[in-house]
Amino acid sequence: MLTQERYQYILRVLDDRKAVSVAELTKELSISESTIRRDLNALAKMGKLNKVHGGATYLEQQNRVTHEDQVEIRRRIYSSKKDAIGRYAATLIEPEDFVYIDAGTTTVSMIPYLNEKNAIYVTNAMEIASKLVRRGFTTYTLAGRIRQITEAIVGCEAEQSIDKYHFTKGFFGVNGISIEAGYSTPNIEEARIKEVAMKHCYQAFILADSSKFSINSSVTFGNLEDATIITDKLTDNIYKQSTNITLV
């Protein structure tokens with residue numbers, strides 16, 4: 001097995017188990033302890049793991065995201081995971097629900113799977129509003145300014161619109177989820193709309209593929225306990241201690 005292949009194997013093991021011993025790796029890879037120790041030392045220097053006595057532990061990467069890609073770019077990333085998350089989230093809507101759907105490429109993935117015509121839908125996303133209307137759902141949008149990069153409605157008027165609503169369920173997009181920063185997003189105005197809307201929801205759901213975990217973005221809009229996370233994979237069991245997780 002080549003060095004790079006061993007590195008990849010070790011990191012996959014840590015991602016799954018969170019800790020591994022030199023003895024375990026020696027047996028599983030059928031190589032010497034000295035080789036494994038060199039590999040662990042090299043990966044530790046790269047910042048890929050924590051080297052401990054007798055083995056290694058998973059290193060949670062607290063990456064920081066302060067920018068946003070265009071909607072068309074974000075839509076193509078992890079599209080199958082987003083589709084599965086959206087499909088499940090759509091099943092949570094019941095008759096007579098008063099639903100808020102936040103702007104985002106994962107929340108928009110709910111729309112093809114919605115079947116509940118007796119619910120009422122409110123959104124701050126132009127794309128979502130258009131898709132809902134075309135499918136015959138009762139739809140309202142917030143007042144306010146439209147951000148070009150995300151096509152989300154933001155601003156004081158949008159906040160004032162939300163203040164009069166009391167949603168049974170709300171579905172939110174997110175750029176980062178971490179123990180340190182909770183739920184976060186790069187833009188101040190969008191963070192404020194998310195924060196206000198979440199406070200007006202009886203039940204709140206964060207729709208996030210697994211790449212969003214251990215990411216800190218610029219502005220926190222909620223604490224982990226404020227919502228249930230719907231995701232494809234749990235990257236670290238520590239999140240189970242802070243919030244409800246639904247895997248799809």
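Guide: Contact here means heavy atoms within 4.5 Å. The model is predicted: local features need pLDDT of at least 70 and side-chain atom pairs count only at pLDDT 80 or more, while totals for chains, interfaces and linings use all residues. Residues are numbered from 1 along each chain as its sequence is written, and side-chain values use heavy atoms, with hydrogens and water left out.

Visitor: Which residues does Thr106 contact, leaving aside its neighbours within four places in sequence?

Guide: Thr106 is in contact with Lys82, Ile85, Gly86, Leu207 and Ala208, once neighbours within four places in sequence are left aside. Thr106 sits in the loop between strand E5 (98-101) and strand E6 (120-123). Strands (E, at least two residues) and helices (H or I, at least four) are DSSP runs, numbered from the N terminus.

Visitor: Why is Thr106 called buried?

Guide: Buried means under 20% relative accessible area, exposed over 50%, and partly exposed in between (1.4 Å probe, protein chains only). Thr106 has a relative accessible area of 3%, so Thr106 is buried.

Visitor: What makes Glu189 partly exposed?

Guide: The relative accessible area of Glu189 is 29%, which is why Glu189 counts as partly exposed. Glu189 lies in helix H8 (residues 188-199).

Visitor: What joins the side chains of Glu189 and Arg145?

Guide: A polar contact of 2.2 Å joins these two side chains. A polar contact is a pair of N or O atoms within 3.5 Å; within protein, one must be able to donate a hydrogen and the other to accept it, and residues adjacent in sequence count only if both atoms are side-chain atoms. Not counting residues up to four places away in sequence, Glu189 touches Arg145, Val154 and Gly155.

Visitor: How many disulfides does a search of the whole structure find?

Guide: The search finds 0 disulfides. Cys156 is in none, and the nearest cysteine sulfur, that of Cys201, is 20 Å away. A disulfide is a pair of cysteine sulfur atoms within 2.5 Å.

Visitor: How many of the 248 residues of the protein count as buried?

Guide: Of the 248 residues, 50% count as buried. The protein has 8 helices and 17 strands.
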